[in-house]
Amino acid sequence: METQLNELKSQALEQIAAATNVKELNAVRVAYLGKKGPITDLLKGMGKLPAEERPKMGALVNVVREEVTTRLEERMAILEEQAINEKLQSETIDITLPGRPVKTGNAHPLTRVIEEIEDLFISMGYEVEEGPEVEKDYYNFEALNLPKGHPARDMQDTFYISEEILLRTHTSPVQARTMEAKGGEPIKIICPGKVYRRDNDDATHSHQFTQIEGLVIGEDIRMSDLKGTLSVFAKKMFGDDREIRLRPSFFPFTEPSVEMDISCFKCGGDGCNVCKKTGWIEILGAGMVHPNVLEMAGYDSKRLTGFAFGMGPERIAMLKYGIEDIRHFYTNDVRFLSQFERTEV
Amino acid sequence: MLVSIKWLKDYVNTQDLAPAELGEKITRAGIEVDAVIDRSEGLSNIVVGYVESCEKHPEADKLSICQVNVGESVDQIICGAPNIAAGQKVIVARPGARLPGGMKIKKAKLRGEVSNGMICSLQELGIEGKLVPKAYAEGIYVLPENAEIGSDVITNFDLDDTVLELDLTPNRADAMSMLGVAYEVAAILEEEVQLPEITYTEAEDEASSMLTLNVDSPEANPLYAAKVIRNIEVKESPMWLQQRLMAAGVRPHNNVVDITNYVLMEYGQPLHAFDYDLLETGNITVRHAKTDEMITTLDGNERKLSLNNLVITNGEKPVALAGVMGGENSEVSENTTTVVIESAYFQSASIRSTSKEHGLRSDASSRYEKGVDPNRVIPAAERAAQLLAELAGGEVLKGTVLFDELKREEKVVTVSPDFINSRLGMKIRFEDMLDILNRLQFKTEAINNQLIISVPTRRQDIQIEEDVVEEIARLYGYDEIPSTLPETATTPGGLSPYQLKRRVVRHYLEGVGLLQATTYSLTAEKSATHFALKPTELTKLLMPMSEERSTLRQSLLPHLLESVTYNTARRMDSVALYETGSVFLKGQDELLNEEEHLAIAMTGLWVDNSWQGEKKAVDFFVLKGIIEGLASKLGVEIEFERGEMDGLHPGRTAYLMLDGRRIGVIGQLHPTEQKARDLKTTIVMELSLAELFAEATDALLYTQVPRYPSITRDVALVLSKIVEAGSIEKLIRSAGGKLLKDVRVFDLYEGDNLEAGKKSVAFSLTYFDPEKTLTDEEVTAVHENVVAALVESGAELRS
């Protein structure tokens with residue numbers, strides 16, 4: 001019987017090893033360990049053995065059964081893994097195929113520039129003020145120290161709708177309106193918006209463009225405060241290593257008036273085609289609010305002083321992104337617009 | 001303003017600074033130097049030649065063969081200029097010479113004849129054609145007879161000069177003259193100004209014996225000075241004068257006109273020369289024009305005058321438009337022997353309005369408009385008399401014929417050093433301030449720690465304390481100003497609710513895949529009200545630049561659609577754009593009612609993932625979904641109500657309704673409109689952001705996440721095609737009561753298996769009770785109510 005048992009064991013192990021898939025292995029299991037299998041038969045036949053041999057034989061059968069079971073499970077694990085691997089293999093995809101496109105849109109480059117400037121000044125405690133694009137001559141010119149017949153009106157060729165109504169030529173009338181509304185109180189605002197001038201559209205001129213202006217009025221506002229504020233702006237907008245320089249200039253609504261240059265962000269000041277070999281790029285106009293402007297809006301110019309600055313988002317975008325033609329901003333070619341999707345931090 | 005540095009050196013020591021360096025100093029002190037122009041750039045080996053003989057080229061009609069003495073030799077040169085002649089002194093570019101634009105002169109053969117160089121026109125030396133004297137405009141330039149043969153043209157005729165181009169701001173009218181620039185440079189370089197020395201011999205006869213003067217309009221013309229110069233010879237000006245004028249951007253004519261222009265450039269004081277004999281009456285009367293009076297100005301235009309125009313007359317008829325341009329009838333010509341030189345002070349407002357009315361600007365009017373220096377009117381007349389005596393052989397009659405009621409007081413500005421320093425945020429020392437004011441030649445007294453400044457009349461831009469602050473700061477140096485930040489209390493800053501909502505809208509639309517566009521506000525008259533939600537009367541410009549940009553838009557869509565067409569015409573078939581911007585509506589006020597709108601236009605594919613079999617063209621419901629998403633983002637309920645609008649598909653248009661108000665429109669473009677715009681299926685919408693944002697949003701409060709499950713039941717209905725799903729949904733909601741949480745259309749079928757005129761719509765109903773788990777029986781009871789209500793309304797249940 002022992003011989004029979006060993007023979008059975010080696011037969012079983014042989015078949016386990018020979019099984020190539022789960023199904024075959026399961027057949028082996030049923031064949032040897034099933035209720036009708038030879039091992040069960042052997043155990044059933046134990047009764048016929050003499051009593052003293054039974055424990056020995058019983059133990060022997062159990063050893064064989066355990067060994068067969070263990071080997072079978074080991075083999076099963078291998079075959080199952082093999083089966084999964086085969087399935088996964090058959091499920092392989094071409095991961096180089098394109099992903100399902102996600103619709104993305106983005107802001108217009110001018111909005112992008114304006115929003116960046118807005119956020120910068122908001123973080124310094126400024127509010128954003130807006131005003132009408134169709135304006136009264138009074139707010140666009142007179143309240144800004146540009147009475148009728150003032151030669152400086154020539155600097156801004158104007159679209160008139162009637163003698164007193166026009167398309168604003170700058171965002172400064174928002175300052176005049178805000179000052180009037182605040183009735184002598186301190187102010188800290190920036191004013192973005194569309195403006196219009198009687199220019200023929202070409203690569204560098206547009207009859208419609210945007211401006212963003214700032215105005216601070218308070219006690220003891222000094223020209224050094226203007227310089228400091230503009231310096232913060234230049235560094236945040238164009239990079240930490242930007243230097244600024246002020247040059248005297250003229251605007252009827254400020255005195256003194258300045259223009260601000262920044263050191264060229266492309267060449268760092270050595271001279272290149274962006275800065276026309278000067279190392280400096282003109283960015284904005286600014287100045288101390290003219291006392292006439294303050295007085296006209298009901299401010300006591302002896303008590304309160306202020307500064308104002310104004311810049312063109314078109315120019316800033318053109319410089320920053322290397323855009324060569326201002327008309328791109330108004331053509332809305334999607335091949336142009338969609339380039340302003342990605343962040344630039 | 002073009003400033004020749006050679007000329008400038010007559011009045012101020014420029015310390016031999018390199019032109020670029022001088023330009024930089026001027027710029028940093030406040031007058032922007034736009035360009036530094038080297039007049040001799042690219043010029044070399046150019047000499048005076050004498051044309052000994054000149055014969056026609058046998059092979060070419062237009063060419064001449066010249067034998068030219070260039071000092072060291074007599075060379076044959078072929079010349080194509082029509083005005084070449086033997087006996088002329090000419091400009092010769094010798095072989096090896098360089099001309100502007102990199103041109104190099106070589107020995108050459110022209111139609112078989114050797115040419116050893118080139119006889120040059122002024123244009124070939126880099127001078128603009130419009131500045132070349134008319135006599136030489138079409139040919140070579142002829143040098144004066146006394147020019148030394150073989151000598152260097154560049155140095156002998158002042159071409160070795162650099163011109164600074166100043167970009168003057170309107171306040172610095174003082175720098176519209178060489179003397180004005182000299183004062184500025186003197187202040188920058190701490191030098192003195194050397195004024196021209198005026199000396200000449202007067203004739204015994206009094207000018208007033210020949211000329212009488214009446215000024216009838218003393219307000220407009222408070223000062224009029226006239227000099228009479230007789231026995232002059234009108235001829236070409238000497239080379240130095242011609243060169244200086246050309247350097248200043250003025251075309252030389254003859255010595256009389258050139259002298260008036262020279263003094264204009266030197267003093268900034270406009271002068272005018274009349275032919276005394278052509279005045280006929282020996283009288284000058286300044287008055288306003290009469291109705292229907294006419295004058296032909298020097299530019300050849302006949303002009304009808306108006307009562308506002310100040311004119312110079314001979315007592316009878318106008319001979320000049322005062323301060324703007326002379327008249328043809330008294331123009332100086334080769335035959336002139338006696339001239340009257342006018343130097344006057346005209347009020348800027350008068351000149352400005354006349355110049356504007358006639359659309360005529362001149363060197364004179366542009367200076368009068370900004371205000372000339374009252375103290376230079378008479379010296380300028382004297383200077384012209386001197387030059388006419390020197391350069392035209394004239395005899396200056398004794399005295400000046402003068403009308404003078406002009407006040408010439410110096411403006412006094414009092415300012416304290418503390419004021420200056422507090423405005424600048426600086427600590428400039430008192431002595432430094434005084435030094436700067438002295439450099440500017442502002443007479444200054446210091447009394448009780450106040451600076452009492454008498455501003456010279458040439459600087460009419462200095463009126464108030466702040467102007468002095470600027471003068472001090474710009475000459476002290478803006479680089480010296482420290483950088484500080486305002487010390488006022490910190491303020492919160494931020495966006496208004498409206499501005500915040502606008503950003504929410506923008507970021508949402510960009511998130512769902514739209515590109516932001518920006519178009520023009522000005523449009524053609526015919527497009528102005530197209531697609532307008534609330535069309536009003538048109539708003540047109542008084543003087544548009546073109547019809548295309550003549551009228552303010554009342555809708556964003558026409559231009560936005562133009563942008564879509566622009567793209568599809570360039571084979572970008574799928575375009576989805578949005579724009580926010582103002583439309584301009586006529587209102588009660590004289591100002592317009594400007595309303596900010598949002599517009600969207602989309603065409604082509606919305607989903608394009610073809611390799612996975614997903615492709616979806618834009619349709620009404622794509623855009624409707626975007627608007628619904630936007631509404632939920634803003635916490636408002638927008639309803640869609642069937643609508644109509646010109647240019648939109650009549651069956652595929654809806655109004656956007658908010659609280660019963662029509663705030664916008666959505667629709668598919670009408671096929672005719674699509675065709676006209678060369679577009680395929682295009683869906684558009686426009687709404688008023690002002691109305692969309694009118695109400696404040698409710699506070700956001702959390703509702704509990706459901707703790708009990710919901711139960712879903714479906715119902716499929718057969719409906720007449722004209723019944724709208726929306727009305728059935730309303731019916732279901734009202735019948736479903738509070739347990740019905742959600743209703744959703746999940747299937748729509750129109751086809752063969754249905755009776756004609758019918759459609760099948762299937763709804764999915766979700767029941768939910770926040771308090772407990774619903775039982776099947778409870779749901780069935782409610783659902784049966786809903787079904788009963790539907791059947792009662794005429795809907796047929798689909799089995």
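Contact here means heavy atoms within 4.5 Å. The model is predicted: local features need pLDDT of at least 70, side-chain atom pairs count only at pLDDT 80 or more, and totals for chains, interfaces and linings use all residues. Residues are numbered from 1 along each chain as its sequence is written, and side-chain values use heavy atoms, leaving out hydrogens and water.

A:Phe233 touches A:Ile117, A:Leu120, A:Phe121, A:Phe238, A:Met260, A:Ile283, A:Leu284, A:Met311 and A:Ile316, not counting residues up to four places away in sequence.

A nonpolar core is a set of buried Ala, Val, Leu, Ile, Met, Phe, Trp, Tyr and Cys residues joined through side-chain atoms within 4.5 Å; buried means under 20% relative accessible area (1.4 Å probe, protein chains only).

| Core | Residues in core | Named members |
|---|---|---|
| Largest | 152 residues | A:Phe233, A:Met260 and A:Phe309, with the most contacts inside it |
| Second, separate | 39 residues | including B:Leu223, B:Ala289, B:Leu310 and B:Val319 |

Helices are DSSP runs (H or I, at least four residues), numbered from the N terminus. Twelve of the twelve residues of H4(B) are buried, so this helix is largely enclosed by the rest of the structure. Among them are B:Tyr183 and B:Glu184. Just after H4(B), B:Glu190 takes a positive phi of about 60°.

Elsewhere in chain B, helix H6 (residues 255–267) packs against helix H10 (residues 377–392), with their axes 9 Å apart. The contact includes B:Tyr262 of H6(B) and B:Arg383 of H10(B).

Terms used. Chains lettered and ligands numbered in written order. Buried < 20%, exposed > 50% of the residue type's maximum accessible area, 1.4 Å probe, protein only. Helix = DSSP H or I, 4+ residues; strand = E, 2+ residues; numbered from the N terminus. Axes fitted to C-alpha atoms, helices over the stretch in contact; angles between N-to-C directions.
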